[in-house]
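Student: I have a new structure to look at. Please show me how to read it, feature by feature.

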Amino acid sequence: MADSALQEKAERLRQLHGTGKPLVLPNAWDVGSAVVFAAAGCPALATSSAGIAFAAGFPDGERMPRDAMLAAVGRIAARVAVPVSADMEAGYGATPEDVADTVRGVIAAGAVGINIEDGLDGGGLRDPADMLARLRATRMAADAAGVPLFLNARTDVFWQRIGPEDQRLALAVERLRAYRDAGADGLFVPGRMDLATIRGLAAATDLPLNVLGGAGMPPIPELASAGVARVTVGSGPMRAAMGVVRAIAEELAGPGTYERILGVAIPYPDLNALFADDPQD
């Protein structure tokens, strides 16, 4: 039987999707970013697989070893009191049983949600039958562990711009409905979309719709009015942080001044105090 605290976190994450307003989940890439997000009042967090990989010196696309990714998720989940959902890309493995092993690792790491995507690393979408088998394996592994893991099934129809533009909504809806029937709890459609398309996606199934906030996307209040239940930001915050690091490096190597550091740095006492407080105690 799973730990009762883990079960309670999983139930809390489920409840956060049913409040009538979007659940905004910033994506952490290490313990430090997770602590900062949680301290800002975020009721739950997601991880960014790309952000974790980049921070460890790997490219995105399951190039980082699964055990290393799970260890990073575990460090994040152990340090914050809020529920954590893990982005595990396509499930780390060639078979549904491999995906089930990943799910068991996610639960052992202390996360109570998972993303599984249908995009292939080389481009295109996974065969529907294979994707459905992966989702069923995910659901069965979580159920066997006794944890109501929130399974967020992702389709990359819009992310990869699959097919003619006027056919993408229908293709995405077809996949989303199949993923719902295979055991998904939520549906994730990243990619740049207008509000009419987002409304169509939200109305097409009875599960919470997750979209990716960022460049070219409507602000969160407008997403809420379109029926969006969950907003994540992927690797955006991590890439923004790395952009600041690059700007600092260029300033140090160029004029030799410190304006980039002084303009954005959290004061040392504030950050030291933040990390001295362990919410899990």
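Student: At what angle do the axes of H6 and H7 cross, and within what distance do they come?

Tutor: Start with the ground rules. This is a predicted model, where local features need pLDDT of at least 70, side-chain atom pairs count only at pLDDT 80 or more, and totals for chains, interfaces and linings use all residues. Residues are numbered from 1 along each chain as its sequence is written, and side-chain values use heavy atoms, with hydrogens and water left out.

Tutor: Now the terms. Helices (H or I, at least four residues) and strands (E, at least two) are DSSP runs, numbered from the N terminus. Axes are lines fitted to C-alpha atoms, for helices over the stretch in contact, and angles run from 0 to 180 degrees between N-to-C directions. Here the axes of H6 and H7 cross at roughly 35° and come within 9 Å.

Student: What is the hand of the crossing where H6 passes H7?

Tutor: A crossing is left-handed if the near helix is turned anticlockwise from the far one by less than a right angle, and right-handed if clockwise. H6 passes H7 in a right-handed crossing.

Student: Which residues of H6 and H7 make the contact?

Tutor: Contact means heavy atoms within 4.5 Å. H6 brings Pro128, Met131, Leu132 and Leu135, and H7 brings Arg175, Ala178 and Tyr179. Sort them by class: Ala, Val, Leu, Ile, Met, Phe, Trp, Tyr, Cys and Pro count as nonpolar, Asp, Glu, Lys and Arg as charged, and the others, Gly among them, as polar. The contact of H6 with H7 then has 6 nonpolar, no polar and 1 charged residues.

Student: How far do H2 and H4 lie from each other, axis to axis, and at what angle do they pack?

Tutor: The axes of H2 (residues 31-39) and H4 (residues 66-79) are 9 Å apart, at an angle of about 35°. This crossing of H2 and H4 is right-handed. Val31, Ala34 and Val35 of H2 meet Arg75, Ile76 and Arg79 of H4. By class, that contact of H2 with H4 has 4 nonpolar, no polar and 2 charged residues.

Student: How many residues does H6 have, and how far does it reach?

Tutor: The expected span of a helix is 1.5 Å times one less than its number of residues. H6 has 18 residues and reaches 26 Å from its first C-alpha to its last, close to the 26 Å expected. H4 has 14 residues and reaches 20 Å, close to the expected 20 Å. For the 13 residues of H5, the end C-alpha atoms are 18 Å apart, which agrees with the 18 Å they should span.

Student: Which residues of H6 are buried?

Tutor: Buried means under 20% relative accessible area, exposed over 50%, partly exposed in between (1.4 Å probe, protein chains only). The buried residues of H6 are Met131, Leu132, Arg134, Leu135, Ala137, Thr138, Arg139, Ala141 and Ala142. Their cover includes H1, H5, E5, E6 and H7. As a general idea, an α-helix has 3.6 residues a turn, so residues three or four places apart point the same way.

Student: What do the buried residues of H5 pack against?

Tutor: They pack against H1, H4, E4, E5 and H6. Among these buried residues of H5 are Val99, Val103 and Val106. After H5 comes Gly110, with a positive phi near 100°.

Student: How many salt bridges does the structure hold?

Tutor: Side chains of opposite charge can pair when their charged atoms come close. A salt bridge is a side-chain nitrogen of Lys or Arg within 4 Å of a carboxyl oxygen of Asp or Glu. The structure holds 13 salt bridges.

Tutor: Take Arg14 and Asp185, whose closest N and O atoms are 3.1 Å apart. Arg14 lies in H1 and Asp185 in the loop between H7 and E7, so the pair ties together parts that are 171 residues apart in sequence. Arg14 counts as partly exposed because its relative accessibility is 26%. Asp185, at 15%, counts as buried.

Student: Which residue meets Asp185 in a salt bridge of 2.7 Å, N to O?

Tutor: Arg139. This residue lies in H6, 46 residues from Asp185. Arg14, Arg139, Asp143 and Asp185 are linked in a network of salt bridges.

Student: Are Arg154 and Glu117 buried or exposed?

Tutor: Both are buried. Their side chains meet in a salt bridge (3.5 Å, N to O). Arg154 lies in E6 and Glu117 in E5, so the pair ties together parts that are 37 residues apart in sequence.
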